[in-house]
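Look at the sequence and the model first, then read on.

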Amino acid sequence: MFYREAGDFKTSYKADNQTFPIRFDRYRFYAVLAVAWLVIPFVINDYLANAILLPFLIYSIAAIGLNILTGFAGQVSLGTGGFMAVGAYSAYKLMTAFPDVNVLIHVVLAGFITAAVGAAFGLPSLRIKGFYLAVATLAAQFFLVWLFNKVAWFYNYSASGQINAPERTVLGVPVTGANTAPWAAYLVCLGFVTVAALIARNLTRGTLGRKWMAIRDMDIAAEIIGVNPLTAKLSAFAVSSFFVGVAGALFFAIYLGAVEVGEAFGIQKSFLVLFMVIIGGLGSIFGSFAGAAFLVTLPVVLKLVGVDLLGWPTDLVAHFQLVIIGALIMFFLIAEPHGLAQLWRVAKEKLRLWPFPH
Amino acid sequence: MSADFYYGVEVFLNGLMAGVLYALVALGFVLIYKASGIFNYAQGVMALFAALTLASIIEGQVPFARLINATFGTEIHDFGWRVPVLLAIVLSIGVMVAFAWLVQRLVFRHLVGQAPIILFMATIGLAYFLEGFGDLMWGSEIKTLDIGIPQGGNRWIEEHSAFLGGDDFYGFFIDNLDIVAALVAAVLVAGLVAFAQYSKQGRAMRAVADDHQAALSVGISLDFIWVLVWSLAGFVALVAGVMWGAKSGVQFSLSLIALKALPVLMLGGFTSIPGAIVGGLIIGVGEKLFEYLVGAPYLGGATENWFAYVVALLFLVFRPQGLFGEKIIERV
């Protein structure tokens, strides 16, 4: 009854362009924000933070980034893991080179460095399209991981080849290193996610976002109506890589604390983020969150059911996990190629018309 | 000529042999891509699965043994017999054909007309599924696959080329397995080309590759052709899996050869069988020579992981459809 507007009485473009045109949605959004900011920090514990919340938040940023590139600008990228590595390693270099600067600034700077690298690897997209481009971005993935493995300067010549996040504080509270309280790590990630989602939403409905979508739908036609493919594609790569870089920096500094590049940022990571975007829904900010939530919680749930409930050995459960994730991806693509976001949209449409669908 | 030069030649020859193996994997991609427009990422995992199946059938292993044991508390492992190699190969081909039929029936039939990227994603899902399924069915420990292919360096070539380089040079070292692989690949390609050119099904296959709707309208069953193509790709995967499996054991890393085949495809063009062969040879020789001449001495080694991709990338900037790919024509 309350999930609808009383007719279509918009009188300004501003009202027409609202993100949440229905009042219920708007309040729901505020409620989610309030719970995330005001309730969860007080009830969070180590397990909840490390198993679900931190990876969910960080992958959400990465998924938003990839969704900008793939969902909005139509350029498929399999180099997400490599770009996350750039974010992680630049954050590490900055943190160790300038210990007095706030770590949050380092994370943002790491994002900008990744944006530059991403734009450089985006250059071939002007010539190469479709699958060829997808495979070309793998060059970024393999080259970057190799680079961080081989050039000792990037990991400060440490013997293990790992990078370890030193302890840094924000307002006197440690947010990286071993003494981090789960709520502090959570709040930092949540802050970045909130800002990232706001920026992404507003970029994609503005001029830039429309240019990206024009390029996605047909790049030649977009060129004819006056969209410069050079700036549109490169800006998509840069903005996308910025988010991915921030995600990589957080993933290293706050979530893992110690990283070995091939293990943490390998090709599997690229696929994982791509799955999130596809399952969540291409071209939807909400979809990025939905996809990240789905793929982060699925292994946890499977492990609970398989190991704790059925008492199977862990390796068997790990195999089952692969089978189930693979089957689910195929099932989703068959049932709803536009992802969870589309299911959500359909449900909302139905709700709006209910109980008189015709 | 100095010994260094001949070592370079040896690296070149070994690169050629590695390239043949890359080409074998790339071939499976091309077959499916041409006929159905599906870029089959699962090809590498198919090779792994096929090799795993073959090795396990030879050993007479019980499928899903671990799962059965975990569920019912039993202690079964194998049937206690060994299956002759030829019979096992036939059985494995049967498994791959059944797999092709199931994939077509359960997945790709429902995805006809979807965007290529959706199909590509579905094959990544398939790769995950098949990887987990193979492990569930046959266990995840490393298996050796011995079907009687000779291993080790070829003595004859070594002895008869030793005189070339003087005292520091002991002849070319070339693995027997690589020679066999090259011969098998040559036979396989010749067979596939002959099949596509002269048999009725082969012609239908090419017709489908050309134009789905036109093929439908002259009475070609798309369903049948797609099952056929997936079966062929499964067969190619089996051959590739056997070659790689005999070389380095049947294990998870086998599925990563798909990643090796991708730059080969980019270089050769996704739609061309000769392209897959030539691309494979170029990549194989290129990465071995680069590692030998530049990578190992100056860059700290392990350049083989990315060299192929960077070459393909640079190459594509100048020729976006690859060496032999169909020209990409864009219309508004």
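Predicted model: local features only at pLDDT ≥ 70, side-chain atom pairs only at ≥ 80, totals over all residues.

Residues are numbered from 1 along each chain as its sequence is written, and chains are lettered from A and ligands numbered from 1 in the order in which they are written.

**Chain B**

Chain B holds 13 helices and zero strands. Helices (H or I, at least four residues) and strands (E, at least two) are DSSP runs, numbered from the N terminus. Of the 332 residues in chain B, 46% are buried. A residue is buried if 20 or more other C-beta atoms lie within 10 Å of its own, exposed if 12 or fewer, and partly exposed in between; C-beta atoms are placed from the backbone. Two residues are in contact if their C-beta atoms, placed from the backbone, lie within 7 Å. Take the contacts in chain B between residues at least 6 apart in sequence: 74% of them join residues at least 24 apart.

**Where the chains meet**

Contact between the chains involves 41 residues of chain B and 39 residues of chain A. On the chain B side, helices H3 (65-72), H5 (116-138), H11 (257-268) and H13 (304-318) each supply at least two residues. H5(B) gives the most, with 15 residues. By class, this side of chain B has 30 nonpolar, seven polar and four charged residues. Ala, Val, Leu, Ile, Met, Phe, Trp, Tyr, Cys and Pro count as nonpolar, Asp, Glu, Lys and Arg as charged, and the others, Gly among them, as polar.

**Helix H10 of chain A and its partners**

Two helix pairs in chain A involve H10(A), residues 229-256. Axes are lines fitted to C-alpha atoms, for helices over the stretch in contact, and angles run from 0 to 180 degrees between N-to-C directions.

| Pair | Axes | Angle |
|---|---|---|
| H8(A) and H10(A) | within 10 Å | roughly 105° |
| H7(A) and H10(A) | 11 Å apart | about 175° |

H8(A) is therefore roughly perpendicular to H10(A). Its contact with H10(A) uses Leu208(A), Lys211(A), Trp212(A) and Ile215(A) on the H8(A) side. The residues of this contact are six nonpolar, one polar and two charged.

H7(A) is roughly antiparallel to H10(A). Angles under 35 degrees count as roughly parallel, over 145 as roughly antiparallel, 65 to 115 as roughly perpendicular and the rest as oblique. Among the residues that meet here are Phe192(A) in H7(A) and Phe243(A) in H10(A). This contact has eleven nonpolar, no polar and no charged residues.

**Two enclosed helices**

H12(A) covers residues 267-280. Eleven of its 14 residues are buried, so H12(A) is largely enclosed by the rest of the structure. Lys269(A) and Phe275(A) are among the buried ones. Gly281(A) follows H12(A) and has a positive phi, near 135°.

In chain B, H11(B) is also largely enclosed, because twelve of its twelve residues are buried. They include Lys260(B) and Pro263(B). At 1.5 Å a residue, H11(B) should span 16 Å, and its end C-alpha atoms are 17 Å apart, which agrees. The expected span of a helix is 1.5 Å times one less than its number of residues. Just after H11(B), Gly269(B) takes a positive phi of about 100°.
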